[in-house]
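Open the structure in your viewer and keep the selection tool ready. We will go stop by stop.

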Amino acid sequence: MAQNVYTVKQVNAYIKNMFTQDYMLGRIYVKGEVSNCKYHTSGHIYFSLKDESGTIACVMFAGQRGGLSFRMQEGQQVIVFGGVNVYERSGSYQLYAREIRLDGEGILFERFQALKRELEEMGMFAPEYKKPIPAYASRIGVVTAPTGAAVRDIINISRRRNPYVQLILYPAQVQGEGAKESIARGIAMLDRLGMDVIIVGRGGGSMEDLWAFNEEEVARAIFNCSTPVISAVGHETDTTISDFVADLRAPTPSAAAELAVYDLGMTMERMRELEGRMGRILRQRVELWRSRLKAEAIRLEHLHPRTRIADYRQRLMDLEDQMRTRARRTLLVTRHRMELYVERMKALSPLEKLNQGYAYVRTQDGKALRSIHKTRQGDVLEICVTDGSIRAEVLEKKEEHRG
């Protein structure tokens, strides 16, 4: 009886395909204790999650470490988000982590996700509600703690970029009991004062430290603010509800100051460039109109009656020269033709024939003798030659036949 035999590769590929098709295993949260944690030189993190009943191998690749805000250590209770799949080379399955949070943050993270979904469904994150940040703000409100690195960074960057910009600080409580009310009041007060833009934020910290910016009250204060709001909470990897509601998210308070305060030096340099460009354009325009004026002046000079009269006079002189040339040419042709006629007349003249040795014979009655049949023996004839005539008597006639 024949049996199907499969290779190890085929079996592992089949099992991997089963894992891939399982939607739940592709997006799963797993809670457990960290063990066998190793940071590889390539940047990958290899560890295991265990509880009282078992262990699962895990890996977080270097490209996913942006979602890790702490250094993993043995014994930590964590919640790992990722997907379970098969590593075909060893035939073992493992959890490929995309996000890791300490277990204490799990409840807060669930609250964060729930509020995010709720506010997103209400349209508070919609791009059509986002207001543009003014390019040249002169009055900037800041809602943050009066002490700490955030406010110092904002002040230092603002002075460096543009010392003429006015910063108005609302000293808010950004952590602990009453923080959300304090932040919301600060946003509303600076909005009433007519700021060009408002920066809301604080420095980095844990999820609990930043939680005030995940409260619905702060989110509604930002959404209802008529002044454009820049959210700048924590570090670049930290994300809060305020970031989604605000008109613009800055990765840090320092970045928020750079986005809100225009660089005066660059602006002046740009103005100098524009001034030089305008000067070049103006000079080009002047040269263009100067050339056009010269062309029009030449055209006017050409159309002036004096110029036209001179042109007509020159044309008449040219015509006169042409007529004279044609008259001379006609005269020469006529003279040449007359000379030809004269030569032909000479050739036909009896005198010319006489000069060549011929003679002209006439009878006594003056008629030209053209044939021997017109005369008889004894007739007297007159023979005309060049210098006179001769009287002769016909003694004999002799007829000759010419072919």
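Select threonine 240. Is this residue buried or exposed? Its relative accessible area is 1%, and under 20% counts as buried, so threonine 240 is buried. The residue sits in the loop between β9 (229-233) and α7 (241-245).

A word on confidence. This is a predicted model. The mean pLDDT of the protein chain is 86, and 95% of its residues reach 70 or more. Colour by pLDDT and find two elements: β6 has the highest mean, 96, and helix α11 (residues 350-355) the lowest, 66.

Next, the salt bridges. The whole structure holds eleven of them. Select aspartate 247 and lysine 131, whose side chains meet in one, at 3.5 Å from N to O. Which parts does this pair tie together? Aspartate 247 is in the loop between α7 and β10 (248-249), and lysine 131 is in the loop between α3 and β6, so the bridge joins parts 116 residues apart in sequence. Aspartate 247 is buried, at 13% relative accessibility. Lysine 131 is partly exposed, at 23%.

Move to helix α6. Glutamate 216 and arginine 220 both lie here, four residues apart, about one turn of the helix. They form a salt bridge, with the closest N and O atoms 2.9 Å apart. Both ends are partly exposed: glutamate 216 at 27%, arginine 220 at 33%.

Stay with helix α6 and pick phenylalanine 223. How are the two rings arranged? Their centres are 5.4 Å apart and their planes meet at 75°, so the pair is edge-to-face. A search of the whole structure finds five aromatic pairs.

Go on to helix α9 (residues 264-303), where arginine 290 and glutamate 287 are about one helical turn apart. Their side chains meet in a salt bridge of 3.2 Å, N to O. Then select arginine 292: its charged end sits over the ring of tryptophan 289, 4.7 Å from the centre. For another such view, show arginine 71, which lies over the face of tyrosine 39 at 3.9 Å from the ring centre.

Last stop: the surface. Select Tyr6, Val11, Tyr14, Ile15 and Met18. Together they form a nonpolar patch with about 530 Å² of accessible area. Methionine 18 belongs to helix α1 (residues 8-21) and is partly exposed, at 48%.

Definitions and conventions
Residues are numbered from 1 along each chain as its sequence is written. This is a predicted model: local features need pLDDT of at least 70, side-chain atom pairs count only at pLDDT 80 or more; totals for chains, interfaces and linings use all residues. Side-chain values use heavy atoms; hydrogens and water are left out. Patches are made of residues with over 30% relative accessible area and no salt bridge: like charges are joined within 9 Å, nonpolar side chains (Val, Leu, Ile, Met, Phe, Trp, Tyr) within 5 Å. Accessible areas come from the Shrake-Rupley method with a 1.4 Å probe; for residues, only the protein chains shown count as cover. A salt bridge is a side-chain nitrogen of Lys or Arg within 4 Å of a carboxyl oxygen of Asp or Glu. Buried means under 20% relative accessible area, exposed over 50%, partly exposed in between (1.4 Å probe, protein chains only). Rings of Phe, Tyr and Trp (its six-membered ring) pair if their centres lie within 6.5 Å; planes under 30 degrees apart count as stacked, over 60 as edge-to-face and the rest as tilted. A charge sits over a ring if NZ of Lys or CZ of Arg is within 6 Å of the ring centre and within 35 degrees of the ring normal. pLDDT is the predictor's confidence in each residue, from 0 to 100.
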